[in-house]
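Work through the exercises below with the structure in view. Try each task before reading its solution.

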Amino acid sequence: MTAIGWIQILLFCAVIVALVKPLGGYMTRVFNGERTFLSPILRPVEAGIYWIGGVDEKREQHWLTYTVAMLLFHVGGFLILYAVLRLQAVLPFNPAGQSAVAEDLSFNTAISFITNTNWQNYGGESTMSYLVQMLGLTHQNFLSAATGIALAMALIRGFSRSSMRTVGNFWVDVTRCTLYVLLPICVVYTLFLVWQGIPQTLGAYVDATTLEGAKQTIAVGPVASQVAIKMLGTNGGGFFNVNAAHPFENPTALSNFVQMLSIFLLGAALTNVFGRMVGNQRQGWAILAVMGVLFIAGVAVTYWAEANGTSALSALGLTGGNMEGKEVRFGIVASSLFAVVTTAASCGAVNAMHDSFTALGGMIPLINMQLGEIIVGGVGAGLYGMLLFVVLAIFVAGLMVGRTPEYVGKKIEAREVKMAMLAILVLPLMYLGWTAVAVVLPSAVASMANAGPHGFTEVLYAFTSATGNNGSAFGGLTGNTFFYNLTLAASMFVGRFFMIVPAMAMAGSLAGKKSIPPSAGTLPTTGGLFVGLVVGVILIIGGLTFFPALALGPIVEHLAGNANNLF
Amino acid sequence: MLKEIRPAILILVLLTLITGLAYPLAMTAIAGAVFPKQAEGSLIERDSKVIGSALIGQEFKDDKYFHGRPSATSAPDPADATKTVPAPYNAANSSGSNLGPTSKALNDRVKEDVDKLKAENASAPVPIDLVTTSGSGLDPDISPEGALFQVPRVAKARHLPEERVRQLVADNTAGRLGGLLGEPRVNVLELNLALDAAAK
């Protein structure tokens with residue numbers, strides 16, 4: 001670890017914190033339906049969409065209607081994406097002549113992108129046409145992100161309203177999020193990325209003759225427009241197989257820094273939106289503090305582990321950290337930071353191969369996902385995931401002092417706690433359950449690229465990533481098999497919707513409650529005590545759930561490596 | 001609930017057209033006009049033939065060129081399409097090795113490369129980037145140490161004074177952005193182009 005490395009990490013944190021308040025203010029205005037500086041251009045488009053769609057923007061929805069609208073939207077998105085994947089061979093914008101994507105891979109990919117996971121059982125440049133990348137994947141990157149943010153808004157309204165039956169209008173939230181938040185940022189961001197060197201062309205792959213006279217086919221495409229939203233929307237699905245490690249997806253140290261910022265940007269700003277809407281911005285800062293504590297701890301461990309390298313490399317006299325699977329322009333610190341950022345948020349883009357990280361360095365991304373991606377988290381999903389843990393922490397605190405717990409003026413009662421527990425328990429059931437199934441099936445074991453405990457970690461990582469809707473991978477695992485295509489799709493589906501529906505049910509029940517003013521017996525939820533309490537609950541619940549699995553994977557691998565055992 | 005079906009279809013279609021077609025196509029047009037070179041992939045031409053991209057590494061085996069990092073990319077086996085064969089710096093199929101820290105295969109490969117490099121230049125420690133594969137398999141860069149390590153070999157093959165080659169490495173070394181972001185690096189293709197130009 002070096003001083004300049006830590007300065008880069010602290011600079012990253014400082015820029016995020018500086019952006020939270022202004023962006024939070026803007027997003028609050030957007031979702032409250034107020035005028036913004038973009039309204040003169042975008043308002044006519046917005047009104048036109050409502051007119052054609054037959055939506056009365058003043059009419060709000062009950063939580064059930066809101067949820068049904070969201071589910072219908074997903075069904076439609078799935079059908080469009082599946083159709084485009086199956087038909088790509090006969091559709092335009094296919095200069096590389098990619099053939100139709102197989103049924104099981106199309107199914108997996110469609111589920112993957114509508115759930116904001118972007119798990120990829122394929123290499124982009126060798127499988128997908130430009131049309132699929134744009135109309136299929138870029139479009140779902142926008143809409144799954146907008147859906148996540150819309151749901152977070154509904155839950156926030158649940159906390160901020162008093163005795164109301166409605167939580168907002170799904171169509172209005174999705175449209176406004178796409179038009180006023182995602183698109184304007186992406187337009188500017190795309191141009192920045194092209195300036196840095198990311199291609200944006202519909203031209204065919206380029207054939208070059210190298211200096212030594214060999215033929216090199218260079219894959220290009222409409223890359224920048226997809227990279228912008230894949231980062232901003234915490235989708236993470238790469239245009240190319242190796243994602244943001246590819247020089248065309250992440251060409252410079254500056255593009256890398258800005259990409260990391262854009263992963264956290266909206267998720268961090270949503271904590272401020274929450275604070276503003278419940279009437280006290282310090283409530284938002286307290287939540288961001290919980291995230292910050294867990295984040296810095298994760299960065300420290302991964303950076304330390306990667307900078308130390310492995311015993312096997314040291315034994316060969318090599319120094320300078322573990323560079324296997326990392327790019328020279330990023331080095332140890334920017335690769336370690338990126339890995340923690342992308343798994344803390346549910347992005348899943350990678351700028352280095354997590355499969356080649358040291359045992360402990362690769363364990364932190366795994367833990368980040370197993371905690372439910374609540375450290376900033378996916379856009380929207382991170383906030384509602386974190387609020388589930390907050391509800392639980394408040395409940396535990398209430399039990400300790402024997403009072404009915406309350407949070408930002410709402411009594412937390414049996415229904416809320418049941419919904420929180422349902423969402424929190426169903427995730428480990430998926431990733432631990434499927435991992436257990438996979439390791440006893442010889443055909444599933446055959447997909448592992450590495451032997452020994454590392455192979456087990458590859459499988460555990462895959463199901464964790466899918467369930468958490470992250471999408472990063474220990475990429476050695478051959479996931480494009482019938483078994484993994486279906487089971488990973490099932491994990492992504494359950495991981496998304498068994499989180500969303502309980503969260504929406506909670507939103508509906510909270511919105512209907514009266515808001516009560518704080519009294520002398522109310523636990524203040526803006527101070528260090530509260531932050532410590534929530535961090536503690538997260539670590540205890542998380543630790544009890546997945547520590548045994550970690551012991552079989554990265555922990556035993558770390559010990560074996562130190563004893564110079566190779567597999 | 002039934003009245004949600006109309007917006008579910010129409011709003012989905014409208015937003016799909018905006019984000020899936022209008023946005024990427026408009027960005028392609030604008031980017032092509034404002035940054036035409038980057039939008040096409042930062043291609044480098046010599047004698048009006050494309051010889052590669054400034055951002056994509058290529059394979060160098062000749063002693064008179066600086067070598068990039070080992071690459072783990074592959075290509076379909078011409079004899080059997082279900083298998084793959086190693087094809088370093090295949091820019092149509094990016095890939096890392098995905099070998100883990102306790103992998104015997106990784107350890108054997110690194111050891112072999114270390115031994116080769118030690119035989120080439122015993123006077124300096126082997127830089128780690130020269131014996132590890134990059135994440136993309138297309139890393140265009142090596143570390144300044146990785147370039148300096150190769151100076152004696154390149155100078156000998158080209159019958160140039162080592163001082164001259166070392167100077168070229170220094171000229172082609174990029175530092176951290178603002179002294180802060182990223183890592184110092186040398187673009188191998190650009191360095192080799194400079195070498196060829198110096199030889200003329």
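**Exercise 1. Compare the radius of gyration of chain B with that of a compact globule of 200 residues.**

Solution. The model is predicted. Start with the reference: a compact globule of 200 residues would come out near 16 Å. Now take chain B: its radius of gyration is 23 Å. Next, turn to the box. Along the principal axes, the C-alpha atoms of chain B fill roughly 80 × 45 × 40 Å.

**Exercise 2. Find the domains of chain B and state how far apart their C-alpha centres lie.**

Solution. Domain 1 of chain B covers 2-37. Domain 2 of chain B covers 42-199. Then compare centres: the C-alpha centres of these two domains are 40 Å apart.

**Exercise 3. List the helices and strands of chain B in order.**

Solution. Count by type: there are six helices and seven strands in chain B. Then read from the N terminus: α-α-β-β-β-β-α-β-α-α-β-β-α.

**Exercise 4. How do strands β3 and β4 of chain B run, parallel or antiparallel?**

Solution. Locate the strands. In chain B, β3 spans residues 74-77 and β4 spans residues 80-86. Four bridges join them, and the strands run antiparallel. Pick one residue: B:Ser74 has B:Pro86 in β4(B) as its bridge partner.

**Exercise 5. What share of the residues of chain B count as buried?**

Solution. Take the 200 residues of chain B: 48% count as buried. Then look at contacts with a separation of 6 or more. In chain B, 49% of these are between residues 24 or more positions apart.

Conventions. Residues numbered from 1 in each chain as written. Chains lettered and ligands numbered in written order. Predicted model: local features only at pLDDT ≥ 70, side-chain atom pairs only at ≥ 80, totals over all residues. Domains from an automatic or database assignment. Helix = DSSP H or I, 4+ residues; strand = E, 2+ residues; numbered from the N terminus. Rg over C-alpha atoms; globule rule 2.2 N^0.38 Å. Buried ≥ 20, exposed ≤ 12 C-beta atoms within 10 Å, placed from the backbone. Contact = placed C-beta atoms within 7 Å. Pairing = 2+ DSSP bridges.
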